[in-house]
Amino acid sequence: MNQVAEECIALIAKQKSITPEQIHLDSTFDELALDSLDRVSLAFDIEEKYDIEIPEEKLGQIKTVDDMVTGIEEAVRRKSATPTTNA
Amino acid sequence: MTRVVITGAGCITPIGQDVGNFAESLFAGRSGIREMVDRPQDLHFTRTATVEDFQQQEWLTANQRQIAERSSAFAIAAARQAVQQSGIVAAYPGDSIAVIFGCSVGGRSTEDQEAEKFHKRGARIHPLTVPRVMASSGTSLVSMEHGITGPAFTITTACASGTHAIGLAFQMVRTGAVKAALTGAHEAPLTHVFLKAWDGLHVVSPTSCRPFAADRDGMTLAEGAAVFAIETLESAEARGAEILAEIVGFGMSSDAHHITQPAPAGPAAAMQRALDDAHIAPDEVGYINAHGTGTEANDRVEAEAIHRIFGERARTLPISSTKGLHGHAIGASGAMELLATVLAIRGNFLPANAGLGEADSVVDPALDLDHVLLQNEPGSPKVALSSSFAFGGLNAVLAVRRFDG
């Protein structure tokens with residue numbers, strides 16, 4: 001399990017007051033009882049932590065922990081690929 | 001007329017995080033007013049009364065922690081104590097219980113934190129900001145925890161919020177609109193921005209709150225919550241609940257005068273209406289827990305209002321403000337003070353007006369109140385008043401009676 005996955009699981013564990021061992025990459029958000037508020041709150045915490053923005057349409061497609069990890073990695077890649085301009 | 005009684009109480013305050021500890025501090029005259037550890041620069045005051053070491057993690061479930069900021073967390077903790085003591089949630093159907101709380105400023109800490117992030121770095125606002133800052137968040141979270149589906153709402157009338165909320169709940173139980181209610185108030189206003197805002201009003205004491213003192217120089221800001229479970233006497237007795245006190249009257253009025261300056265006619269009218277509502281004569285009142293903020297204007301105007309209602313007896317009537325102990329928790333003050341009043345009439349003692357009787361501080365002779373309690377006194381008043389007079393001239397007074405069976 002990579003670092004992003006571990007951090008993602010730690011955030012969910014903290015939010016739901018469960019142990020990280022209860023969370024697996026293929027755990028669905030429904031299985032983890034993450035309701036809509038939990039999900040937007042989790043997404044916000046992740047975006048803050050990685051300084052990224054996960055597009056709205058992508059957020060709606062995230063159903064499992066693994067989807068979330070993939071979404072974060074894609075957003076991080078997009079961010080590092082974005083050219084910076086020197087004013 | 002249906003009689004309404006208090007059968008449970010809970011609190012999270014600067015002088016105790018349950019009723020037992022609150023009572024102990026009240027009896028011992030132990031103040032919760034302290035030097036601030038973390039304060040904004042250039043304030044003209046250095047002291048507040050905070051709830052130290054509040055164990056939010058222990059009181060709140062994971063789901064509640066996501067939404068509840070400090071003010072709502074206080075409400076949840078105080079309400080749970082009142083529910084446990086009274087047993088009202090198990091005794092009545094959820095749709096026959098009301099939750100009516102007072103809260104003046106809502107989730108101030110969340111609002112200030114998110115505003116700072118936004119203004120300083122253009123950061124996005126946390127998606128749960130709205131439910132966290134709603135003044136009614138505490139009411140909702142408490143109703144959800146206990147499955148209460150009757151009327152639930154939050155009253156915001158600045159420093160009278162708690163007294164208005166309890167008064168409305170009292171009226172709803174008395175008229176039969178609901179069988180029982182959880183009612184009280186909660187507040188957590190002590191953010192840097194809010195402290196600076198109060199500093200600008202020049203009504204906060206640069207020393208310490210000394211209500212009714214000749215050298216009084218302002219209020220001391222505070223935070224906390226107090227919640228009561230109330231129901232009819234008939235059903236409380238039928239189920240064998242312990243009765244802490246009876247609420248017998250409630251009076252309200254508006255000064256229609258000024259947004260910050262008080263005037264005596266409004267407070268006097270609220271006291272008179274509370275007495276009329278309770279069908280009691282002024283002579284029957286044995287103690288007043290005054291609004292007594294310690295500001296020059298409030299205490300002068302409140303004294304004048306007391307004189308208007310009680311006439312000659314104002315000079316001998318035992319009066320104290322307990323704000324010198326628990327501070328002024330804005331919307332939550334009235335609920336904390338009702339708790340102090342209930343404990344006084346149950347405990348056969350009248351609590352001292354803390355801050356007075358120390359050093360050179362004496363009762364302001366211009367107030368013409370000769371029985372401001374310089375120390376605890378034994379006493380067993382049958383009826384007592386608890387008054388709250390808010391900025392903007394919104395006044396509320398509760399009358400409570402000792403329950404002797």
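**Helices, sheet and one loop**

Reader: At what angle do helix α1 and helix α2 of chain A pack?
Author: Helix α1 (residues 3-16) and helix α2 (residues 36-50) of chain A pack at about 135°, with axes 11 Å apart. Helices here are DSSP runs of H or I with at least four residues, strands are runs of E with at least two, and both are numbered from the N terminus. Axes are lines fitted to C-alpha atoms, for helices over the stretch in contact, with angles from 0 to 180 degrees between N-to-C directions. That angle makes α1(A) oblique to α2(A); under 35 degrees is roughly parallel, over 145 roughly antiparallel, 65 to 115 roughly perpendicular, and the rest oblique.

Reader: OK, and what is this whole thing based on?
Author: This is a predicted model, where local features need pLDDT of at least 70 and side-chain atom pairs count only at pLDDT 80 or more, while totals for chains, interfaces and linings use all residues. Residues are numbered from 1 along each chain as its sequence is written, and chains are lettered from A and ligands numbered from 1 in the order in which they are written.

Reader: Back to that pair: which residues of α1(A) and α2(A) make the contact?
Author: From α1(A), Cys8(A), Leu11(A), Ile12(A) and Gln15(A); from α2(A), Asp38(A), Ser41(A), Leu42(A), Asp45(A) and Ile46(A). Contact means C-beta atoms, placed from the backbone, within 7 Å. By class, that makes five nonpolar, two polar and two charged residues. Ala, Val, Leu, Ile, Met, Phe, Trp, Tyr, Cys and Pro count as nonpolar, Asp, Glu, Lys and Arg as charged, and the others, Gly among them, as polar.

Reader: How many helices and strands are there in chain A?
Author: Four helices and zero strands, in the pattern α-α-α-α along the sequence. The C-alpha trace of chain A spans about 45 × 25 × 20 Å along its principal axes. Of the 87 residues of chain A, 13% count as buried, that is, with 20 or more other C-beta atoms within 10 Å of their own; 12 or fewer is exposed, in between is partly exposed, and C-beta atoms are placed from the backbone.

Reader: Where is the place of Thr64(A)?
Author: Thr64(A) sits in the loop between α3 (56-61) and α4 (65-81) of chain A.

Reader: And why is Thr64(A) called partly exposed?
Author: Because Thr64(A) has 17 other C-beta atoms within 10 Å. Leaving aside neighbours within four places in sequence, Thr64(A) is in contact with Asp26(A), Ser27(A), Thr28(A) and Phe29(A).

Reader: What about β1(B), how many of its residues are buried?
Author: Nine of the nine residues in β1(B) (residues 4-12) are buried. Eight bridges join β1(B) to β7(B) (residues 224-232), running antiparallel, and three join β1(B) to β8(B) (residues 245-254), also antiparallel. Ile6(B) stands opposite Ile230(B) in β7(B), and the bridge partner of Ile6(B) in β8(B) is Ala245(B).

Reader: Which residues cover each side of β13(B)?
Author: Val383(B), Leu385(B), Ser387(B) and Phe389(B) lie on one side and Ala384(B), Ser386(B), Ser388(B) and Ala390(B) on the other, all buried.

Reader: Which strands are joined to β13(B) by bridges?
Author: Four bridges join β9(B) (residues 285-289) to β13(B), running parallel, with Tyr287(B) partnered by Ala384(B). Eight bridges join β13(B) to β14(B) (residues 394-401), which run antiparallel, and Ser386(B) stands opposite Leu398(B). The hairpin of β13(B) and β14(B) has three residues between the strands, and Gly392(B) there takes a positive phi near 85°.

Reader: Last one: how many residues of chain B are in contact with chain A?
Author: Five residues of chain B, against seven of chain A. The chain B side has three nonpolar, two polar and no charged residues.

Technical notes:
Two residues are in contact if their C-beta atoms, placed from the backbone, lie within 7 Å. Two strands pair if DSSP finds at least two bridges between them.
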